[in-house]
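Please read them with the coordinates open.

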Amino acid sequence: MSLSEELEALRNIPMFANVEPTQLKLLAFTSQRLTFGAGQDLFRRGDVGDSAYIIISGEADVLVDKEGTEVAVAKAGKNEIVGEIAILCNVPRTATIRAVTELTALKIPKDLFFRLIAEFPDMGVQVMAELARRLHRTTQQLTEALAKLEDR
Amino acid sequence: MEPSIFKFILRHSLRQQIAILCLTVGSFPFLYFSLDLPKIIINDAINAKDFPKALLGMEFEQIPYLLLLSGIFLILVIVKSGFRFSINIYQGLLGERMLRRLRYELYSRILRFPLLHFRRVSPNEMIPMITSEVEPLGGFVGEAIALPAFYGGTLVVIFAFVFIQDPILGLAAISLYPIQGYLIPRLQRRVNELAKQRVQAVRETARNIGETVSGVTEIHAHDTSQYELAKFAGRMGRIYEIRYEIYQRKFFIKFLNGFLAQLTPFFFYSIGGYLVIEGDLSFGALVAVLAAYKDLTPPWKELLKYYQRQADARIKYEQVTMQFAPADMLDESLQTADPEPDERLSGDIVATNVRLEEDDQVKIIDGVTFTFGLDEHIAIVGSGASGKETLAMLIARLIAPTGGRLTIGGRDLADLPESVTGRRMAYVGPGSYMFSGSVRDNLFYGLKHRPLRPAVYDEETAPVRARALQDAVLAGNTGLDPRAGWTDYAAAGADGPESLRVQAMGLLDLVEMDDTLYEMGLRGTLDPGERPEIAERLLSAREAIHERLRDPELAGLVEPFDEAKYNDNATVAENLLFGTPVGADFDIDNLAESPYVRKVLDQVGLTSDLLEMGRQVAGLMIELFSSLDPGHEFFDQFSFIEAEDLPEFHALLGRITKEGLEGLGADDRNRLLSLPFKLIPARHRLDQIDDDMRARLLTARRAFAAELPEALKPSVEFFDAGKYNAAASLQDNILFGKVAYGQALSAERVGAMIAEVVDELGLRGEVLEVGLDYEVGIGGARLGIGQRQRLAIVRSLLKRPDLMIVNEALTALDDAVQTRILRNLIAEMKGRGLIFVSPRASLAREFGRVVVMESGRIVEQGTFAELDREGTRLHELMSAG
């Protein structure tokens, strides 16, 4: 896989959809591309978060701790960004991400991510939009869950 | 030290000065005769008629006589020059020797300064004093006596000549000298004063610059750069003013001299003319006097110059030596005295009403009295300003008390030579200074008190050493040989380097330093010529690693070097060299300029491809990095081109568009060619190196190795699977390949794999040994403060002291580590004295006895259990954390 392919992958991520190609190229050039074997953890719940990952290929489980055992609550796949919460608000990792297939990801260090947002406000807005979308979704899910609770 | 430079000169070089004087006087007859001979040649040989002439019982015709006299003239010239030459050499030698003596004396005084004095002087002032300020004194010393004697003598001779011609004219000739003699010293005095001020102003400036460098963080953090600039400009202004005034006055003195010198002929013409007209003086005599007066001017000028130079030298000397004579200097004998054989400290340390007051009457230690046994372990606790650190330094005899008495085994601490305090006691302070050199040098530093084993010299070096020793002694320097064996193995309980190393390793374990040392060892290099057996075993580690890498799970972690294969995880440069550069010839930054590399590239037809690659890389760098601030950290981390060079490359690309790659000048080609050498395909993922390019780079690799000229062979150490690479680190030698980019946690997994292999082959000790050669940098800058603190503890323990004083010396380590190391230290010092100035009161728990200090006094003493209760100061300190 080469830089130009990674660039293509980045452009398919909604968060970066409107970011200038040059900025994306810089992001691709300055971040590390890592390959994880199936079963290998990208990071573990509770770790100090120092980077976010953009999955370029492969699939991963999002695992949370439930009464001492790990439970998969979601899946993350191609073109998704994981681990951004820990670096955005400085909290330990909220979940474990484990590759279920061989997985390739771009590792974006925290300061690089922040720097890009600071230097390219466009991208900051995109990140905000993505986070707002997720918040909206979570709020919706919460509302639905509450409604279900009340129904009972 | 001698109070004035003349006393210094007379005391240390009287005999040599007399010798120079004798040489000078000895040259006078030849000088006189060589002035006289031309007259004889003209009058007696060329213009004369009465030949043959008799000389030394032989008869000479005119031509042979002329040749004889000319021959004598030639010999006189040679003799005269010979005299001048030997006088100059001898003066220079004497000057250098005296300068060496002076510098040595000043430096040795620094070693004897009371410690508190270092708060008042800064190295930024002391360094230029010893190095540059005293430099001109050397030149002065050589001529200090001979020059005034020589020119003074000449003057007297000429005066005498003038007086003999006519006493009145003689009086006229010297009539103005008394005026000059009166005026000039007065004028000069003010110049001297200014010169003193100038020296001080320059010194202050030096301190100012030093402070700026040390405090630069504060300057940035407080936006005070303009303030600092203003202060600096103020200082420069002061120096400028002083210098300007000096110039004015110096040139006024010069003007006055010149004027007075020209005035004298006025008297000659008027008085002499009158005398000639009146018939009291012959015309010839007046001409002779005028000619003699012309000869008078140069020596007089030289004397005046000398007068100014000696004034300069005197001031410099006084100004410098004043700074090196603080009160309470350590007595020299305390440093030179040798200890009694097998001297040990025993008995009690007793403090009786010990006090320490600073200049301004601040009481740092205010009447401290205690008795500690030399087998006790004591913790001193207290708040920051309690004086606990100072007390530790007093006990270590690093500071002398201003009142009271400190004794150890009944002997006054103040009378103990450093050979006892510095060997039987060990002091570790918070600074833990490391000297530039290896870890090993620093660990064994505390064992180098005296030369114990003479250095071995061969036939060639022995005379050199003998001469060096003689010169050192003549200049009043120490004759001790820095190359001798200084390390005192016995003091560490060892019998040689090997057992000392074992001792050191044990102690490094004690401070939990072995892992760090292991890392240093892996990064270090080894000379296989010196340690062939270790190199051999490291090669078997290489085999073991490559055995492991056959496992498909691990295979992706490392890409081994293979002569027949392109390594995607290495730079293009490494692939081309297929080796480690030694020195600058094939350094990655110089590779594009190396004529041999260019020849190889041309030969395999790669130059234009690499240029094209360089163009693409430059284009990408400009695209990616142009929009960033020049100081952006990405430039350091990622860019192939430094920020300030980007515009240059931008222009370069413009030229390519216009004229094509062929139209580039040599500089542009070099610049462009240097870029692709840094490419690592697996890391940069730029697609530029395809299989075809790989194959051609391999061809270039083979061509590079095949035709490497003999002269360049030492500049590269080729990768060879069966050979140890002296230029590469231990780790690179074991791996013999590159850690692969793009594998999760590859560096950690490879590190673990290497550790496994190293342990399996029992190589850890050898790696640690290489770690001992790790260079710590200036002031230990390449080590963390925590590492420095650990090494400082080991350095002290190696001496096996009877009393160890640890003064806040583990503060950089986290609490758990600090406690563990402290426990190890306590166990190690069992039966010997240990005084621990504790940064945290809770650490006192580990000690048999606790001393609590406050405001320079001991407020509580006892066992931890006794003091650990409600209402005590210790309790208060502990609850404060």
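1. Of the 881 residues in chain B, 30% are buried (20 or more other C-beta atoms within 10 Å of the residue's own; exposed is 12 or fewer, partly exposed in between, with C-beta atoms placed from the backbone). This is a predicted model, in which local features need pLDDT of at least 70, side-chain atom pairs count only at pLDDT 80 or more, and totals for chains, interfaces and linings use all residues. Residues are numbered from 1 along each chain as its sequence is written, while chains are lettered from A and ligands numbered from 1 in the order in which they are written.

2. Chain B contains 34 helices and 18 strands (DSSP runs numbered from the N terminus: H or I of at least four residues for helices, E of at least two for strands). Its radius of gyration is 39 Å, well over the 29 Å from the globule rule for 881 residues, so chain B is more spread out than a compact globule. The radius is taken over C-alpha atoms, and the rule is 2.2 Å times the number of residues to the power 0.38. The C-alpha trace of chain B spans about 120 × 85 × 65 Å along its principal axes.

3. The domain assignment of chain B lists domain 1 (5–323), domain 2 (527–561 + 720–758) and domain 3 (571–718); the bounds come from an automatic or database assignment. Eight residues of domain 2 of chain B and six residues of domain 3 of chain B make the contact between them (C-beta atoms, placed from the backbone, within 7 Å).

4. Helix H7 (residues 177–214) of chain B has 38 residues and reaches 54 Å from first to last C-alpha, close to the expected 56 Å (1.5 Å times one less than the number of residues). Val191(B), Leu194(B), Ala195(B) and Arg203(B) are its buried residues. They pack against helices H3 (123–133), H9 (225–278) and H10 (283–323) of chain B.

5. Helix H12 (residues 388–395) of chain B is largely enclosed by the rest of the structure, because seven of its eight residues are buried. Among them are Lys388(B) and Glu389(B). Arg397(B), which follows H12(B), has a positive phi, near 60°.

6. An open antiparallel sheet has four strands in the order S4-S3-S6-S7 (chain B), where pairing requires at least two DSSP bridges. Strands S4 (363–373) and S7 (411–412) of chain B are the edges. Eight bridges join strand S3 (residues 348–357) of chain B to S4(B), and Val354(B) has Val368(B) in S4(B) as its bridge partner.

Notes:
Contact = placed C-beta atoms within 7 Å.
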